[in-house]
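Here are my notes on the model, point by point. Please read them with the structure open.

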Amino acid sequence: MQRGRLFIEWLLIGLCASLAMLLAGRSPVIERADRLVYDMAAPLYAAPADDRLLVVQIDDDALAALGRWPWPRTLHADALHRLKAAAPAAILYDILFIEPSPQDGALADAVGGSPPVYLPMLFEVPGPDGAPWLIRRPAEPIAGAAAGIGTANLSLDSDGRARSIMLATPDGRQVLPHMAELAYRRLTGHPSPAFARTQADAEAVHVPFLPPGSFRTVSLLQVLRDEVPADFLHNKVLLVGGAAEGLGDIHTVSTAWTGRMPGIEVQANLLSSLLADRFVTPLPPVALFLLSILPLWGLLVAFWRLSPAMGLLLSIGAMLAIVAGSVAALALGGWWFPPVAALFGIILVYPLWGWRRLSAVTRFMENEVKALLAQTGISDPGPGQRWRSDRVASDAGRLHQVIAIMQRNAREREEMLQFLSHDMRSPQAAILALLESKGDPATDPPLRDRIARLAEQTLRLADDFVQLARLQSRPARRDPVDMADAMAQAADMIWPRAKNRNVRLIREDSEAPGGTRDGWPGLWVMGDAEALVRALCNLLGNAVEASPAGGMVHHGVRQDGGRIVAHVADQGPGLSPERRADPFARFGYSASGGKGGSGLGLAYVATVAERHGGSAAYEDAEGGGAHFSLSLPAAPPDEDGMGGEDSLNRG
């Protein structure tokens with residue numbers, strides 16, 4: 001059920017990401033990002049500058065020397081005569097002569113004849129009075145003298161850059177070729193393949209522009225001054241046009257370099273691409289969509305089997321491969337695959353799938369925690385854990401705590417089984433053995449005493465076990481408790497046992513907080529009086545059992561800063577080395593193979609200390625023996641009972 005739901009979510013994420021990617025491909029932001037990639041890669045596919053082309057610029061030096069623009073048409077006629085004298089293959093004179101002039105006859109004589117001269121027409125979009133366009137040809141007789149008249153317009157994208165040019169412009173029933181197309185036909189004798197591909201649909205060709213300055217260039221001023229050798233112009237296609245800033249024929253084109261290029265150099269790039277038949281071909285819409293969506297769904301399929309880290313690495317690798325593939329396809333094959341929409345799909349689908357996977361993991365951990373809590377009866381540790389701002393860390397912490405509790409319970413259950421099989425069983429087995437071998441206890445006082453001691457040991461073990469379990473299961477109490485009074489009660493309760501073993505209980509007086517001495521002053525804590533008295537009894541009882549006959553057990557209570565410390569020291573052998581590593585472990589003696597006790601009494605002391613916000617400690621006493629201490633936070637002054645008087649009756 002869970003896997004089926006996750007599959008449906010996976011499918012919905014893929015469909016939504018595919019739709020978002022399709023819509024993003026039409027976004028101006030995505031389009032601008034794609035153009036950045038195109039502008040960097042397109043020049044790599046451009047054909048080398050054709051050696052048959054020579055750019056003749058009307059530059060700033062020519063304007064400074066020959067006068068302000070527009071020049072007299074006789075000056076253009078003189079320039080054409082000088083150019084033709086070098087016998088070039090053709091001349092593209094990219095200057096508009098649409099207004100009649102008295103000097104048109106002289107210019108027409110220079111335009112006509114051989115080699116051929118091609119002139120531009122003005123193609124205005126839109127035209128006047130609602131017309132879609134307006135075509136203005138050169139004035140007669142200049143138009144009649146030219147070998148051909150072609151268009152020279154650029155197609156600007158929304159960012160103002162020129163990346164494509166119309167080779168075939170429809171005009172009613174006829175198709176108007178570009179000036180560069182006319183020059184191509186002059187050189188080859190047939191229409192260009194690019195013109196044949198685009199004339200039916202009137203599509204623009206995408207030109208991979210070379211960097212500005214890639215073509216050989218001379219100034220028209222040098223030609224007029226006869227500074228250019230005729231051999232340099234011979235049999236070349238001469239492209240004449242403005243390059244000065246003031247002429248307004250500087251265009252921003254698609255290139256990774258400066259991006260601004262004179263119009264005549266744009267014509268040179270187009271003619272060079274026509275001669276090499278190297279144009280950028282955008283992928284068809286269907287192929288573009290399939291190539292864009294393929295990485296997205298490939299990643300979604302891989303996400304089922306990959307870890308989150310591997311999924312991230314694969315996503316980054318796929319994004320790098322998409323960009324590299326787009327650049328390589330354009331630079332090597334001239335195919336343009338806009339990569340940003342595909343990148344957007346990956347950027348979108350990875351966090352979406354990560355979110356759903358994270359949600360599924362979180363839900364799984366939450367359900368597992370609930371199931372474990374229900375199966376084991378363990379209380380939820382969630383309210384006491386510290387991860388509150390991170391849901392995954394919170395659930396992981398709860399699961400970790402539940403597992404830790406289960407492991408601890410399993411360990412304690414194993415220790416309890418050892419305790420029952422050894423500590424509890426041994427006295428009972430000894431009683432049975434005595435009864436079978438020694439006869440009737442009623443007539444044998446020593447036998448009766450031994451059986452009584454074994455029975456008392458069994459009862460004491462059972463009582464320790466029950467008291468520890470009861471302490472761990474009941475809620476903690478917070479009542480004012482005088483630790484000095486609690487220690488006195490514990491000493492009174494242990495005194496008979498100490499007397500039987502000929503052990504003296506030595507009380508150590510403490511200094512009152514006010515600096516006076518009054519026996520044991522009132523030293524208050526907030527806690528469970530019954531549990532504290534029993535913990536002190538356990539410490540005193542253990543000390544008495546460990547002390548030799550005639551020994552002494554020192555005990556007392558003192559205030560150490562903001563804490564109340566109860567301490568007990570004996571003159572026995574101290575704890576064994578293996579027990580010192582964890583003196584308060586449950587079933588410590590039994591579990592480690594030691595003798596003399598189960599460890600339940602000390603475990604009870606540690607549990608009491610923990611529930612009261614304190615600590616229990618062990619160290620070797622001076623001169624030998626064991627020294628135990630129970631340190632608890634002192635009660636605030638307003639919670640110390642009745643103005644420092646005892647809250648418990650001393651025994």
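1. Start with two helices, H7 (residues 179–188) and H11 (residues 263–276). Their axes come within 9 Å and cross at roughly 40 degrees. Angles from 65 to 115 degrees would count as roughly perpendicular and those under 35 as roughly parallel. H7 and H11 are therefore oblique to each other. The crossing of H7 and H11 is right-handed. Keep in mind that this is a predicted model.

2. Next, the charged pairs. The structure holds 15 salt bridges. One of them joins arginine 73 and aspartate 104, with the closest N and O atoms 2.4 Å apart. Arginine 73 sits in helix H4 (residues 73–84) and aspartate 104 in helix H5 (residues 104–111), so this pair ties together parts 31 residues apart in sequence. Both arginine 73 and aspartate 104 are buried.

3. Helix H4 has another charged residue to look at. Arginine 82 forms a salt bridge with aspartate 226, and the closest N and O atoms are 2.8 Å apart. Aspartate 226 lies in the loop between helix H9 (220–224) and helix H10 (230–233), while arginine 82 is in H4, so the pair ties together parts that are 144 residues apart in sequence. Is aspartate 226 buried or exposed? Aspartate 226 is exposed, because its relative accessible area is 57%, over the 50% cut-off. Arginine 82 has 29% relative accessibility, so arginine 82 counts as partly exposed.

4. A further pair involves a strand. Glutamate 99 forms a salt bridge with arginine 136; the closest N and O atoms are 2.9 Å apart. This pair links distant parts of the chain, 37 residues apart: glutamate 99 is in the loop between strand S2 (90–93) and H5, and arginine 136 is in strand S5 (residues 134–136). Glutamate 99 is partly exposed, with a relative accessible area of 43%. Arginine 136 is also partly exposed, at 30%.

5. Some salt bridges share partners. Which residues do they join into one network? The members are Glu31, Arg35, Asp39, Asp157, Asp159 and Arg163.

6. Leu19, Leu22, Leu23, Val286, Phe289 and Leu290 make a nonpolar patch of about 570 Å². Helix H1 (2–24) and helix H12 (285–303) each supply at least two residues of this patch. Take leucine 22, which lies in H1. Leucine 22 has a relative accessible area of 40%, so leucine 22 is partly exposed.

Conventions. Residues numbered from 1 in each chain as written. Predicted model: local features only at pLDDT ≥ 70, side-chain atom pairs only at ≥ 80, totals over all residues. Heavy atoms only, no water. Patch = residues over 30% accessible without salt bridge, like charges linked within 9 Å, V, L, I, M, F, W, Y side chains within 5 Å. Areas by Shrake-Rupley, 256 points an atom, 1.4 Å probe, with all protein chains shown as cover. Salt bridge = Lys/Arg side-chain N within 4 Å of Asp/Glu carboxyl O. Helix = DSSP H or I, 4+ residues; strand = E, 2+ residues; numbered from the N terminus. Buried < 20%, exposed > 50% of the residue type's maximum accessible area, 1.4 Å probe, protein only. Axes fitted to C-alpha atoms, helices over the stretch in contact; angles between N-to-C directions. Parallel < 35°, antiparallel > 145°, perpendicular 65-115°, else oblique. Left-handed = near helix turned anticlockwise from the far one by under 90°.
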